[in-house]
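Me: Hi! Could you walk me through this model while I have it open?

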Amino acid sequence: MIDAQNLTKKFDEVTAVEGLTFHIDEGEVFGFLGPNGAGKTTTVRMLCCLISKTGGEARIADYDVGNTADSLKIRKMIGLVPDNVGLYDKLSAYENLDFYGKLYECTEKLRKENIEHFLKMLGLWEKKDVAAGTLSKGMKQKLAIARALIHEPKVLFMDEPTANLDPEASKTVRDFILELKKENRTILLNTHNLDEAQRICDRIGILKTRLLTIGTPQQLKESLGGVKTEIQLVQVNDAIVSAVKKVTTHKVEISDNKLIIDVGNIDTAIPTIIEAIVSAGGRIQSVTELNPTLEDVYLKTVK
Ligand SMILES: Nc1ncnc2c1ncn2[C@@H]1O[C@H](COP(=O)(O)OP(=O)(O)OP(=O)(O)O)[C@@H](O)[C@H]1O
Ligand SMILES: [Mg+2]
């Protein structure tokens, strides 16, 4: 549904995005992670035809990003939740949505139905007649989400949609994104929230001007070398360590009174190691599988 080949954006001397190549399938939730200034917003703005690219190619469905005739068709089929909400402060929540619905040439019936549906779903229905400028930051953010959906777009770009939301509202939005996925909509999400990315994204790309890595959350975690096992002992001594090293060729790290062994296969490798520890007089307090987290992957990748 979304294809980028060597997509590049330079602002004079600043290269914001360089040589980005990726593909997002229809119905996929794809997340971009990356530090401040990594080019996430710039990428979304290029794909939404809001700024021109300076190199490479990008397509949304059958349309070329950068082709003037196609850009109107692209805008019609996409929705954008921008990083700054950009609402009309003096218009009420309802009027904002109605106005954008008209711009997208939605029928009056569709506007009415969708405004009510999305405002209710996002918990804003009782604020429908309140001027957008007087809503709280999180309410404005939710209103911007409703606005992006008013014309029922096939592709949705969300630039940090939960940045200003309280935990309950963030969950509402995450559940909402998963509902949209069920309707086979394609979603590109920029976020700094690693937990959010892990929960809702089918695949994640880590961006820092260039695309550093891409994969499912599981693939990214496995790329760090997979699972380790931590064995907490009352006391570690040389006899225990040498007994363990006799039965395993895997790397053994010692930290306080813990042995961290580079092996995740608790079923087969670990019983032998435990037997060796016990025979050497070791007293085991716990055995824990250590999974790399997305945070480990992120920090290692962007460093
Ligand atoms: N209009 C512009 N003119 C000049 N430079 C720009 C412009 N927009 C973005 N940049 C630069 O491009 C780079 C990428 O910015 P961008 O906003 O895409 O990053 P981001 O990944 O969205 O960051 P954040 O996580 O802070 O939102 C930055 O160095 C930024 O200063
Ligand atoms: Mg940004």
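**Helix pairs, sheet and ligand shell**

Reply: Happy to! In α3, residues A93, Y94, L97, D98 and G101 meet R111, I115 and L119 of α4; residues are in contact if their C-beta atoms, placed from the backbone, lie within 7 Å. Helices (H or I, at least four residues) and strands (E, at least two) are DSSP runs, numbered from the N terminus. This is a predicted model, where local features need pLDDT of at least 70, side-chain atom pairs count only at pLDDT 80 or more, and totals for chains, interfaces and linings use all residues. Residues are numbered from 1 along each chain as its sequence is written, and chains are lettered from A and ligands numbered from 1 in the order in which they are written.

Me: How do α9 and α10 cross?
Reply: The axes of α9 (238-247) and α10 (269-279) come within 8 Å and cross at roughly 150°, so the two helices are roughly antiparallel. In α9, I240, A243, V244, K246 and V247 meet T272, I273, A276, I277 and S279 of α10. Those contact residues divide into seven nonpolar, two polar and one charged.

Me: New topic. What is the strand order in the six-stranded sheet?
Reply: The open sheet runs β6-β7-β8-β3-β9-β10, with mixed pairing; two strands pair if DSSP finds at least two bridges between them. β6 (78-81) and β10 (210-215) stand at the edges with a single partner strand each, so one side of each is left without a neighbour in the sheet. The twist averages 15° from one strand to the next.

Me: Are β6 and β7 parallel or antiparallel?
Reply: Parallel, over four bridges, with β7 at residues 155-159. G79 has L156 in β7 as its bridge partner.

Me: Which helix packs on β3, β7 and β8?
Reply: That's α6 (167-182), and its direction makes about 150° with that of β8. Another helix, α11 (294-302), lies across β3, β9 and β10, running at about 30° to β9.

Me: How many residues sit between β9 and β10 in their hairpin?
Reply: One, and T209 takes a positive phi near 65° there. β9 and β10 pair in the antiparallel sense over five bridges, and I204 stands opposite G215 in β10.

Me: Last one: which residues are around ligand 1?
Reply: F11, V14, A16, G34, N36, G37, A38, G39, K40, T41, T42 and D83. A residue is near a molecule or strand if its C-beta atom, placed from the backbone, lies within 6 Å of it. By class, the shell has four nonpolar, six polar and two charged residues. α1 gives the most, with three residues.

Technical notes
Ala, Val, Leu, Ile, Met, Phe, Trp, Tyr, Cys and Pro count as nonpolar, Asp, Glu, Lys and Arg as charged, and the others, Gly among them, as polar. Axes are lines fitted to C-alpha atoms, for helices over the stretch in contact, and angles run from 0 to 180 degrees between N-to-C directions. Angles under 35 degrees count as roughly parallel, over 145 as roughly antiparallel, 65 to 115 as roughly perpendicular and the rest as oblique. Two residues are in contact if their C-beta atoms, placed from the backbone, lie within 7 Å.
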